[in-house]
Amino acid sequence: MTEKLYDLDAYASEFDAVVLSCEPDHDGTYRVVLDKTLFFPEEGGQTPDTGILGAANVIDVQIDKQNIITHFTDSELKVGSDIHGKIDFEHRYSNMQNHTGEHIFSGYAHSIYGCTNVGFHLSDSIVTMDYDKQLTDEEISHLEKLTNEAIFQNIPVICEYPAPEKLETLDYRSKKELSGAVRIVTITDVDICACCAPHVKSTIEVGMLKVISSQNYKGGTRLSILCGRRAFENYKSVYSQADDVSHLLSIKQNEVSETVAKLLEERNSLLSKVKTLQERILMQQIAGVDPAAENVVLFVEEAEPVVMRNSVNALTASHPGYCGVFNGNDTDGYSFIIGSSQKDCRDFLNSIREKIPVKGGGKPEMVQGSVKISASVLRNIF
Ligand SMILES: [Zn+2]
């Protein structure tokens with residue numbers, strides 16, 4: 001098995017090792033096995049470390065059941081040679097902050113609400129945790145508060161392989177049946193969990209934890225969280241958005257949601273007034289239509305689809321042919337609705353299509369679409 005240097009020191013970023021094997025893989029990559037490594041492989045839902053081995057870039061890192069760690073590199077390494085490796089520590093440290101934050105949160109979720117963590121994914125941008133119980137917003141907020149209190153308390157995070165007799169006495173969380181030496185991560189009075197990943201050495205290094213989304217998932221709850229630098233980057237972006245909106249509206253940041261709700265209400269009320277006026281204009285046109293006309297076409301410069309539909313319905317009630325309402329102008333073209341109480345509007349649309357390019361479709365009693373042609377040509381067609 002490969003010696004796991006990341007187990008001995010989660011903060012080391014450079015190391016020396018011997019290349020045991022290097023075989024070509026697909027797409028011009030190589031599978032490299034070393035006698036020891038600092039590269040944490042993709043394991044337990046966490047993405048692998050990235051970095052370099054000599055001049056080669058490490059693209060992926062995998063571990064097999066025999067605990068042999070394979071590095072996938074973009075160039076060949078000489079078997080038997082000494083190699084200097086370097087991991088991207090910024091990426092690693094972000095994973096350490098987020099993974100430790102997850103332990104604190106899941107520890108409390110387990111001890112307070114009896115939740116078992118049944119899924120975990122730590123990607124390069126987000127952490128998701130799945131619990132087997134539904135948590136209310138208040139419960140999630142309570143867990144978030146407790147987690148941040150534990151972070152501020154600067155509690156040591158201890159990673160160790162306890163002797164079998166000690167392990168038997170420990171009550172620890174674990175996602176699967178474990179065999180062989182079990183690595184236990186202890187955060188005193190918060191959580192004890194079996195875990196193979198690198199962690200920060202004290203809770204304070206997590207910085208903060210923020211839950212950014214929650215949803216019902218397979219009868220339980222799926223949460224997304226951000227810790228450390230990622231939480232800071234998120235705060236910066238959210239703050240800047242709130243700041244922009246508050247300047248645009250000339251209000252304080254803590255008045256944003258209240259003000260936007262008021263603006264939406266005003267907008268909806270104005271929209272409804274506009275619709276009433278549009279309807280009044282169309283109804284006046286309808287009143288002027290010859291009652292004996294079989295086919296009718298009306299043009300309007302601006303009307304909401306619902307207003308156009310209501311007008312077409314009013315026309316088809318008293319005219320047996322095709323009744324169309326066209327919304328727009330000769331330069332930009334028209335959107336339209338055509339209806340009929342007795343004829344198939346799709347036939348009519350097809351007959352127009354033979355003369356001019358037109359988009360649209362629908363049912364026998366009503367079709368809608370758009371066309372770019374002058375009102376006089378359309379009037380002739382009707
Ligand atoms: Zn873990």
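**Group meeting: a zinc site and a strand trio**

Hi everyone, let me start with one cysteine: Cys-195 has 12% relative accessibility, so it counts as buried, the cut-off being under 20%. Please keep in mind that this is a predicted model.

What does Cys-195 do here? Its SG coordinates the zinc ion, together with NE2 of His-99 and NE2 of His-103, at 2.0 to 2.3 Å. Along the chain, these donors follow the spacing H-x3-H-x91-C. His-99 sits in helix H2, residues 89–113, while Cys-195 is in the loop between strand E13 (191–194) and strand E14 (209–217), so this pair ties together parts that lie 96 residues apart in sequence. His-99 counts as buried too, because its relative accessibility is 4%.

Now let's zoom out. The chain is divided into three parts: domain 1 covers 3–87, domain 2 covers 92–236 and domain 3 covers 278–381. Taken over C-alpha atoms, the centres of domain 2 and domain 3 are 62 Å apart.

My other stop is strand E18, residues 333–339. How many of the seven residues of E18 are buried? Six of them are, so the strand is largely enclosed by the rest of the structure.

Let me walk you through the strands that pair with E18. Strand E17, residues 323–329, runs antiparallel to E18, with seven bridges joining them. A hairpin of three residues leads from E17 to E18, and Phe-326 stands opposite Phe-336 in E18. E18 also pairs with strand E20, residues 366–371, again antiparallel, through six bridges. In that pairing, Ser-335 stands opposite Ser-370 in E20.

Technical notes:
Residues numbered from 1 in each chain as written. Predicted model: local features only at pLDDT ≥ 70, side-chain atom pairs only at ≥ 80, totals over all residues. Heavy atoms only, no water. Domains from an automatic or database assignment. Donors = N, O, S within 2.8 Å, 3.2 Å for Na, K, Ca; no water. Helix = DSSP H or I, 4+ residues; strand = E, 2+ residues; numbered from the N terminus. Buried < 20%, exposed > 50% of the residue type's maximum accessible area, 1.4 Å probe, protein only. Pairing = 2+ DSSP bridges.
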